[in-house]
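Hi,

Here is the structure I said I would pass on.

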Amino acid sequence: MTATPTLAMTVPASPVMCVSQRFFFDAAHTLQRQIEAEGSRRIHGHTYHAEVTLRGPLDPATGMVIDLGYLRLRLQSVREQLDHHLLDEVPGLAPPTLENLCLFIARALADMQPAPWRVRVWREALGDSCTLEW
């Protein structure tokens, strides 16, 4: 009889963990594009989804990278700035592209500890997405 090999997983003493939280918002916008596609120059709306990922060490006292309740509060604050708004008029957003939405969300959360490591924004219905990592 032969022994079945086992795979042992070695976990570092101070692992770096990633935690994520998603939210969605409904908003309208226009885009001044070189080509006219899908009526983008007219005011129109989308349901946007966003996911923010934080990366950091596991706090041995709490067992968390960050309290997800705190992250949800911060994301709610960002969501309130975007949800049911005309994105063209949101201060600090600039042209309301997926790219600028990623930057807007990242900047709004930049003071967090740990700071966001990845921000992804997408429109499920259209299959469009943008990811910002640093």
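His46 sits in strand β2, where strands (E, at least two residues) and helices (H or I, at least four) are DSSP runs numbered from the N terminus. With a relative accessible area of 16%, His46 counts as buried, because buried means under 20% (exposed is over 50%, partly exposed in between; 1.4 Å probe, protein chains only). Its side chain makes a polar contact of 3.4 Å with that of Arg123; such a contact is a pair of N or O atoms within 3.5 Å, one able to donate a hydrogen and the other to accept it.

This is a predicted model: local features need pLDDT of at least 70, side-chain atom pairs count only at pLDDT 80 or more, and totals for chains, interfaces and linings use all residues. Numbering runs from 1 along each chain as its sequence is written, and side-chain values use heavy atoms, without hydrogens and water.

Val121 touches residues including Tyr48, Leu101 and Ile105, contact meaning heavy atoms within 4.5 Å.

Then the helices: Arg74, Val78, Gln81 and Leu82 in α1 meet Leu101, Phe104, Ile105 and Ala108 in α2.

Cheers

Definitions and conventions
Lists of a residue's contacts leave out its neighbours within four places in sequence.
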